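Reader: I have a structure open and would like to go through it. Can we start with the side chains and work outward?

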Amino acid sequence: EVIANISTRSARSCVILTTHSMEEAEALCSRVGIMVGGQLRCLGTCQHLKSKYGQGLMVQAKIGVGVGADAAPAAGGEAATMSMQDLVAECGNRGKPERSGAVGPGTELHRQFESTGRVTRALFEQWWQLEEKSDALRAFMEERFKGASVVERHEAQVRYQLPDAAVPMADVFQQLEDNKGRLDVAEYSVSQTSLEQIFNGFASQQEEEKGGAVGIVGSGGSWGGGGM
């Protein structure tokens, strides 16, 4: 509120804010500039930057997670748990041996394996159902929106990028709304490429600065002067 009041109090007054938080910049700034390697790469309103540098639409979805009756564990002991070898074998028995490779860091299965060396069969069944739903959602997105690709996924949370020429945002909403029950999508959102993603795209172009900075003694440069 203080920054907004100062910047709007007079037509001759302005505030320059430097930040890496794009949420902060979007909330406070009427214009945003992004610098890479000391050079201003873009300047404009948030909407202008999104329209010019955004890469299509972003779809974020949360897959419903539940455990069916068939996921109940066995009576107890070793039969109620699985080793990694058991899991690989079970994936093969169910016709998807490659799925065992999806047990990566960050998943609850991986955490249990790291902790005890075994996982409960109930957790395995929950994981298997989640992978089935994730595959179904991915197939749907790729079929309905040509060029759709997974940007990131963390268990039940998944984010897709749709290319510019895919479909209007309203149509994406309609497709997801009509099919969310069948795909067991608990919640979803559709948005333009965020300012944060645009910032990260520019930041990835940053090259290591090896030269000395002008005006710093011992930096390889010399004392220099300048003005604004």
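Reader: Is Glu177 buried, partly exposed or exposed?

Author: Glu177 counts as partly exposed, at 38% relative accessibility. Keep in mind that this is a predicted model.

Reader: Which residue forms a salt bridge with Glu177?

Author: Lys180 does, and the closest N and O atoms of the pair are 3.1 Å apart. Lys180 is partly exposed as well, at 32% relative accessibility.

Reader: How are Lys180 and Glu177 placed in helix 7?

Author: They are three residues apart in helix 7, so about one helical turn separates them.

Reader: How many salt bridges are there in total?

Author: The count comes to 14. One of them joins the side chains of Glu132 and Lys96, at 2.6 Å from N to O.

Reader: Where do Glu132 and Lys96 lie?

Author: Glu132 is in helix 6, residues 121–144, while Lys96 is in the loop between helix 4 (84–93) and helix 5 (108–116). The pair therefore ties together parts that are 36 residues apart in sequence.

Reader: And how accessible is Glu132?

Author: Glu132 is partly exposed, with a relative accessible area of 31%.

Reader: Which residues are linked with Lys96 and Glu132 in a network of salt bridges?

Author: Arg99, Asp135 and Arg138 are linked with them in that network.

Reader: Next one. What does Arg159 pair with?

Author: Arg159 forms a salt bridge with Glu152, and the closest N and O atoms are 2.6 Å apart.

Reader: Is Arg159 buried or exposed?

Author: Buried, at 15% relative accessibility. The cut-off for buried is under 20% relative accessible area, so Arg159 falls below it. Glu152, on the other hand, counts as partly exposed at 43%.

Reader: Where does Glu155 lie?

Author: Glu155 is in the loop between strand 6 (149–154) and strand 7 (157–162). Its relative accessibility is 28%, so it counts as partly exposed.

Reader: What about phi of Asp184?

Author: Phi of Asp184 is near 55°, again a positive value in a residue that is not glycine. Asp184 sits in the loop between helix 7 (169–183) and strand 8 (185–192). At 31% relative accessibility, Asp184 is partly exposed.

Reader: Strand 7 came up. How far apart are Gln161 and Gln192 in space?

Author: Their C-alpha atoms are 9.6 Å apart, and the two residues are 31 apart in sequence. Gln161 is the one in strand 7, and it is partly exposed at 22% relative accessibility.

Reader: Now pockets. How much space lies in the largest pocket?

Author: About 940 Å³.

Reader: Which residues lie nearest its centre?

Author: Ile16, Leu17, Arg31, Val32 and Gly33 do, out of 28 residues that line the largest pocket. The elements that each give two or more residues to the lining are helix 1 (2–9), helix 2 (22–28), strand 1 (32–36), strand 2 (39–44) and helix 8 (195–203).

Reader: Which of those gives the largest share?

Author: Strand 1, with five residues.

Reader: What is the lining of the largest pocket like by class?

Author: It has 18 nonpolar, nine polar and one charged residues.

Reader: How far is Leu17 from Cys29 in space?

Author: The distance is 8.1 Å, C-alpha to C-alpha, and they are 12 residues apart in sequence. Cys29 lies in the loop between helix 2 and strand 1. It is partly exposed, with a relative accessible area of 22%.

Reader: Last topic, the surface. Which residues make the nonpolar surface patch?

Author: Val2, Ile3, Ile6, Val15 and Leu28 make that patch, which covers about 370 Å². Helix 1 gives the largest share of the patch, three residues.

Reader: Where is Val2 placed?

Author: Val2 is in helix 1. Val2 is exposed, with a relative accessible area of 60%.

Note on methods
Residues are numbered from 1 along each chain as its sequence is written. This is a predicted model: local features need pLDDT of at least 70, side-chain atom pairs count only at pLDDT 80 or more; totals for chains, interfaces and linings use all residues. Side-chain values use heavy atoms; hydrogens and water are left out. On a 1 Å grid over the protein atoms alone, a cavity is a set of points where a 1.4 Å probe fits but cannot get out, and a pocket is an open set with protein on both sides within 12 Å along at least five of seven lines; lining residues have an atom within 4 Å of a point. Grid points are joined across faces, edges and corners, and a volume is the space filled by probe spheres set on the points. Helices (H or I, at least four residues) and strands (E, at least two) are DSSP runs, numbered from the N terminus. Ala, Val, Leu, Ile, Met, Phe, Trp, Tyr, Cys and Pro count as nonpolar, Asp, Glu, Lys and Arg as charged, and the others, Gly among them, as polar. Patches are made of residues with over 30% relative accessible area and no salt bridge: like charges are joined within 9 Å, nonpolar side chains (Val, Leu, Ile, Met, Phe, Trp, Tyr) within 5 Å. Accessible areas come from the Shrake-Rupley method with a 1.4 Å probe; for residues, only the protein chains shown count as cover. A salt bridge is a side-chain nitrogen of Lys or Arg within 4 Å of a carboxyl oxygen of Asp or Glu. Buried means under 20% relative accessible area, exposed over 50%, partly exposed in between (1.4 Å probe, protein chains only).
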